[in-house]
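Me: I am new to this structure. Could you walk me through a few of its features?

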Amino acid sequence: RKLDQDQWYRVISSLPAALFEASQASAKRASERGIDPNCIEMLVEQLDYHRSLSKMGSILVTCHLAHITADKDVSSGKGPKFEAVSRYLRLLSEMMSHQSGVICGEQINMWVGLLRDPAIVRTNVLSPHLSRVLNAYMTHIVKIRWDDVWDQNHIYSSLIEASWDDDDEYHEWLGNLRSKASQLFRAIGSTEPEIASTAIHLKVRTLLNAHSNGEPRDQLNPENNELTVHSTACQEFEGVTQPLDNILHGIPSWALDNGSYDEKRTRIRNTIRPLLSELANLIVSWNPNDVWLKFRRTTLLEALKHYWKYDPATLPTG
């Protein structure tokens, strides 16, 4: 059954401290056994607990959204109940730094539900956590190369094997996650365009710095020494295409056009436009040699159509 408002606030107020204590006690016991509390073996051992905790924690929010929207503390952005909700959402968003994607997968419905609620979006209870949320989902929608798991060459092979039964189950999970994440990326682009633009700009710039020439040039075609669809660089660029497209599609027109707006919107627009202009220039000026990277560049350029309809200055000619 659902909790009444007072019960619910008592639960979410007490959980962060209680879980921190439990985590500290678990780390102490592991150390006493001579085990590094942060080692992969411990992640595998505690996976079911962390997955259940993430699922329970998100359901606790999803089933009680009315308690958030109906409270004056939360809507005003101050007071003990606002602080309680904010601390609880921070706990959930920090869980998603877990190396297994199933942890953040358990929360996707909650974050989409929160971002779809106009009353919640009008408050500032979500914004402090959305950078962590974005980064988690942008990380986990990148495909895992399952051959590396089978060969035990992936750094988290044992954790991945504990998270999914086989590659079929993983790819079904990934398809579902990507489908739901498209709603999340677009919603964050719409409600918090500055946060979304900053995150995607950093993500694309980081990938270009690390993989623009195909580095680390693995999984090569033996016949011509070129990258393949399974090469790390190709998979990373394939993974960033969806959030780039969804975020740019979601950004509201006031954040990019030349209209007259209030001081807050004008400030956000003055931050976003230079970021996206630089982002577009980075992609347009990227000139890879490998066929697969050329294809990935084309998909990134395609996503820029949402930006170019407002500012075509970086649009290639010819």
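**A first look**

Reply: I108 lies in helix α8, residues 108-116; helices here are DSSP runs of H or I with at least four residues, numbered from the N terminus. This is a predicted model, in which local features need pLDDT of at least 70, side-chain atom pairs count only at pLDDT 80 or more, and totals for chains, interfaces and linings use all residues. Residues are numbered from 1 along each chain as its sequence is written, and side-chain values use heavy atoms, with hydrogens and water left out.

Me: Is I108 buried or exposed?

Reply: I108 is buried, with a relative accessible area of 2%. Buried means under 20%, exposed over 50% and partly exposed in between, using a 1.4 Å probe and protein chains only.

Me: How far apart are I108 and D218 in space?

Reply: They are 32 Å apart, C-alpha to C-alpha, and 110 residues apart in sequence.

Me: New topic: how many aromatic pairs are there?

Reply: The structure holds 8. Rings of Phe, Tyr and Trp (its six-membered ring) pair if their centres lie within 6.5 Å; planes under 30 degrees apart are stacked, over 60 edge-to-face and the rest tilted. One of the pairs is W146 with W164, which is edge-to-face, at 6.5 Å centre to centre and 70° between the planes.

Me: Where do these two sit in the chain?

Reply: W146 is in helix α11 (residues 146-150), while W164 is in the loop between α12 (157-163) and α13 (167-191), 18 residues apart. W146 counts as buried because its relative accessibility is 7%, and W164 likewise counts as buried at 5%.

Me: Which residues form the cluster with them?

Reply: W146, W164, Y170 and W173 form one aromatic cluster.
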